Amino acid sequence: QVQVVESGGGLVQPGGSLRLSCAASGRIFRMNVMGWYRQAPGKERELVVFIISDGSTNYVDSVKGRFTISRDNAKNTVYLQMNSRKPEDTAVYYCNVKGIHSIYSPIDTWGRGTQVTVSS
């Protein structure tokens with residue numbers, strides 16, 4: 001079983017910065033894709049960005065130039081640096097990881113989410 005835990009959420013003023021972390025633990029053979037999603041009140045969950053094991057990334061247009069994803073493969077941890085925050089960034093941010101378990105079964109696991117609120 002793989003556990004995924006997000007941290008770093010909170011309240012930030014518009015224009016401010018915040019850094020989220022997501023750590024995956026368990027008997028992981030290989031972690032392929034690590035990504036961040038968010039769900040604002042009354043809206044569906046949407047992809048924000050993901051990063052593949054080779055370092056390639058894919059951002060949603062609304063966060064390009066403001067958010068930066070990075071990962072530490074040795075720690076199975078992914079980070080999301082969020083700058084120039086806007087009120088519309090307010091949401092619960094979820095981490096999702098996809099990979100292969102030590103017994104070669106697939107991994108597709110979500111964290112419980114962390115609340116991020118952008119408000120003055």
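Tutor: Let's start with a term: a salt bridge is a side-chain nitrogen of Lys or Arg within 4 Å of a carboxyl oxygen of Asp or Glu. The model here is predicted, so local features need pLDDT of at least 70 and side-chain atom pairs count only at pLDDT 80 or more, while totals for chains, interfaces and linings use all residues. Residues are numbered from 1 along each chain as its sequence is written, and side-chain values use heavy atoms, with hydrogens and water left out.

Student: Okay, how many salt bridges does the structure hold?

Tutor: There are six of them.

Student: Which residue does Arg66 meet in a salt bridge?

Tutor: Arg66 meets Asp89, with 2.8 Å from N to O. Arg66 sits in the loop between strand E6 (57-59) and strand E7 (67-72), and Asp89 in the loop between E8 and E9, so this pair links distant parts of the chain, 23 residues apart. About those labels: helices (H or I, at least four residues) and strands (E, at least two) are DSSP runs, numbered from the N terminus.

Student: And what else does Asp89 form a salt bridge with?

Tutor: Asp89 also has one with Arg38, where the closest N and O atoms are 3.0 Å apart. Arg38 is in strand E4 (residues 28-39) and Asp89 in the loop between strand E8 (77-82) and strand E9 (91-101), so parts 51 residues apart in sequence get tied together.

Student: Is Asp89 buried or exposed?

Tutor: Asp89 is buried, at a relative accessible area of 1%. The cut-offs: buried means under 20% relative accessible area, exposed over 50%, and partly exposed in between (1.4 Å probe, protein chains only). Arg38 is buried too, and Arg66 counts as buried at 10%.

Student: Which residues are linked in a network of salt bridges?

Tutor: Arg38, Glu46, Arg66, Arg85 and Asp89 are.

Student: What about Asp108, which side chain does that one meet?

Tutor: Lys98, in a salt bridge of 3.7 Å from N to O. Asp108 is in strand E10 (residues 106-110) and Lys98 in strand E9, so the pair ties together parts 10 residues apart in sequence. Asp108 is partly exposed at 48% relative accessibility, and Lys98 is partly exposed at 30%.

Student: New topic. Which cysteines form a disulfide?

Tutor: Cys22 and Cys95, with their sulfur atoms 2.0 Å apart. A disulfide here is a pair of cysteine sulfur atoms within 2.5 Å, and the structure holds one. Cys22 lies in strand E3 (residues 18-26) and Cys95 in strand E9, so parts 73 residues apart in sequence are tied together. Both Cys22 and Cys95 are buried.

Student: Is the link of Cys22 and Cys95 left-handed or right-handed?

Tutor: Left-handed, with -80 degrees about the S-S bond.

Student: Now the strands. In which sense do E4 and E9 pair?

Tutor: Antiparallel, over 10 bridges. Two strands pair if DSSP finds at least two bridges between them. In E9, Asn96 is the bridge partner of Gly35. E4 also pairs in the antiparallel sense with strand E5 (residues 46-52), over six bridges, and Val33 has Ile52 in E5 as its bridge partner.

Student: What do E4 and E5 form?

Tutor: A hairpin, with six residues between them, and Gly42 in the turn has a positive phi of about 75 degrees.

Student: What order do the strands have in the open sheet of four?

Tutor: The order is E1-E3-E8-E7, with antiparallel pairing. E1 and E7 are at the edges with a single partner strand each, so one side of each has no neighbour in the sheet. E7 and E8 pair over six bridges, and Leu80 in E8 is the bridge partner of Ile69.

Student: Last one: how many residues does the largest nonpolar core have?

Tutor: The core has 27, and Trp36, Leu80 and Tyr93 have the most contacts inside it. Such a core is a set of buried Ala, Val, Leu, Ile, Met, Phe, Trp, Tyr and Cys residues joined through side-chain atoms within 4.5 Å. Strand E1 (2-7), E3, E4, E5, E7, E8 and E9 each give two or more residues to this core.
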